[in-house]
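Here is a brief structural report. Please keep the sequence and the 3D view open as you read.

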Amino acid sequence: MLPEPDPTLCRALADDLRSAGYTGAALRDAWGVQADDAVARGLRGPAERVLDGRRDALAVLGRLWGLGVAVPRPDAEAALPSLGVQGAVALGLARVDDDRVAPTVLVRPQPFADAESEVEWWIASDLDEAALGGPLPEDHVLGVGGASQTLARLQVTWRGGTALDLGTGCGIQALRLRRLVPRVIATDISERALRFTRLNALLNDVDGIETRLGSLFEPVDGEVFDRVASNPPFVITPRVAGVPAYEYRDGGLEGDALVASVIAGVGAHLAPGGVAQSLGNWEYRDGESGLDRVREWVGPSWDAWVIEREVLDPLAYAELWVRDGGTVPGTPAYARLIDAWLDDFSARGVTGIGFGYVLLRRPLAGAPTLARYERVAGGGESVFGPHLAACLENHDRAAMLDDEGLASAILRVAPDVTEARHHRPGEESPSVIELRQGGGFARTIEVDSALAALVGACDGDLPVGALVGAIAQLLEVDADELRADILPRVRELIVTGFLTFADA
């Protein structure tokens, strides 16, 4: 068990990391771009070779906690003048083997940027497969992986008073939420994970994070929050003997029941106007759509925006997560685990597994007004959070307007929207007109000439109704019929970020 982190030792470690210039950019410069890409893929050899023989503090700490490689004790002592090797041992970050210091965890720089500033945290987590040289233990506490980075990019930027990080792991979402609210509750079923969360908060001098042990919503029974973030253990894993169940990814329930429990239960813990965002997998069963199943979990009481990014077939899904656990393809163990996954899916009639993002909100007053369940493949993930926040604000404003109100609204085309027209050879009029979104989810939608003309004319000058009337006259069509056809599509363009209110 990782020891309880000592605040004084954490401050000493931070001083040493800072003095060594232990940043992501410095490590990339030290071992080079190619080696850095290899480290991201779990290959430490190229970086280790570059650093071999260097005894400066950055190189020593990079080998020790960036790559998970033992270093000579004299080099470690020199690189840790404030903490010392014994301090690192007391924090549970290293052990001494004769004249060498071996890492027991990884401590890696993790950059993060929001509207206010850019920061870089040091994040401690368990040794990865490359450092262990084999499969992970079932109580492994993951560092900042792809899923946690995706969830961070999704987070809307609204502030609040309190936040919940459900299934905190190493605590990365709690650190990010703390930038938006003064108080964060971080929960997990793993005491080891909670100790990593406390360690990382102390190491980065972040207060206001409280950790609680327990499953799902048990530790926060009766409490409500303005913000909830959850990267739950959503991986669908066979519940049979011989299949490892990793705490960081496997929820311990059959199929997608854990994700269903998170989605169905989180609404009761949202304050009015509160937003919950999570990742998840959901099953397609014998023709039943996974998105339809998510809709049932959400129920009728909450605003919901669910985005499915991909659907994997059972074999591809099994291969993905068997490899993730460190079992090597081509081995008997790999084939046995694949068979276990396929047997489990077959028993429940699973034909596909969806992956996506779930945003739920408790309406401030009245009935919910948002229910979007869609498949979106594209997108520049670095701007998902601000984009979602802007889209929700646009939706809320448009939802308050009837058709007369919308016709009176003055709109502006978003600056990232472009238009593409496709012509058949020799024809003057385009056969296809597309609006393309450069940011957000990078949507491409096909529009007719009337809607394209309206979007092109939305420059913040005239109201929508006047534009529709002018376009109807130009196209020689009935203005009332065009208005009835075009206004619902204008609402969709507002919600998806192609159009925005001119005074926003």
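## Basis of the model

This is a predicted model, in which local features need pLDDT of at least 70, side-chain atom pairs count only at pLDDT 80 or more, and totals for chains, interfaces and linings use all residues. Residues are numbered from 1 along each chain as its sequence is written, and side-chain values use heavy atoms, with hydrogens and water left out.

Helices (H or I, at least four residues) and strands (E, at least two) are DSSP runs, numbered from the N terminus. Buried means under 20% relative accessible area, exposed means over 50%, and partly exposed lies in between (1.4 Å probe, protein chains only).

## Salt bridges

Side chains of opposite charge can pair when their charged atoms come close. A salt bridge here is a side-chain nitrogen of Lys or Arg within 4 Å of a carboxyl oxygen of Asp or Glu. The count by this rule is 35.

Arginine 178 pairs with aspartate 207, with the closest N and O atoms 2.9 Å apart. Arginine 178 sits in helix α10 (residues 172–178) and aspartate 207 in the loop between α11 and β8 (209–213), so this bridge ties together parts 29 residues apart in sequence. Aspartate 207 is exposed, at 52% relative accessible area. Glutamate 191 is partly exposed, at 24%. Elsewhere, bridges with shared partners join Asp256, Glu283, Arg285, Glu288, Arg293, Asp344 and Arg348 into one network.

Glutamate 48 and arginine 44 also form a salt bridge, with an N to O distance of 3.9 Å. Glutamate 48 is partly exposed at 27%. Arginine 44 is partly exposed too, at 23%.

Is arginine 192 buried or exposed? It counts as buried because its relative accessibility is 16%. Arginine 192 belongs to helix α11 (residues 191–203). Its contacts (heavy atoms within 4.5 Å) include Met1, Leu2, Asp126, Asp139 and Val141, leaving aside residues up to four places away in sequence.

Threonine 496 is in the loop between α20 and β19 (499–501). With 2% relative accessibility, threonine 496 is buried. Which residues does threonine 496 touch, not counting those up to four places away in sequence? They are Arg372, His387, Cys391, Gln437 and Arg443.

## Exposed loops and a nonpolar patch

Most residues other than glycine have a negative phi. Aspartate 98 has a positive phi, near 55 degrees. Its place is the loop between β2 (94–97) and β3 (100–103). Aspartate 98 is exposed, at 76% relative accessibility.

Glutamate 476 also has a positive phi, near 60 degrees. Glutamate 476 lies in the loop between α19 and α20 (479–495) and is exposed at 73%. Leu474, Leu475 and Val477 make up a nonpolar surface patch with about 280 Å² of accessible area together. Patches take residues with over 30% relative accessible area and no salt bridge, joining like charges within 9 Å and nonpolar side chains (Val, Leu, Ile, Met, Phe, Trp, Tyr) within 5 Å. Areas come from the Shrake-Rupley method with a 1.4 Å probe; for residues, only the protein chains shown count as cover. Leucine 474 is part of helix α19 (residues 464–475) and is exposed at 69%.

## Cavities and a pocket

On a 1 Å grid over the protein atoms alone, a cavity is a set of points where a 1.4 Å probe fits but cannot get out; a pocket is an open set with protein on both sides within 12 Å along at least five of seven lines, and lining residues have an atom within 4 Å of a point. The structure has 5 cavities of 30 Å³ or more. The largest cavity holds about 60 Å³. β9 (225–230), α12 (257–266), β10 (270–285) and β12 (350–361) each give two or more residues to its lining.

The second largest pocket has a volume of about 270 Å³. Its lining has 13 residues, with Asp303, Arg361, Leu364, Thr369 and Asp396 nearest the centre. Helix α16 (residues 384–399) gives the most to this lining, with 3 residues.

Terms used: Points joined across faces, edges and corners; volume = space filled by probe spheres on them.
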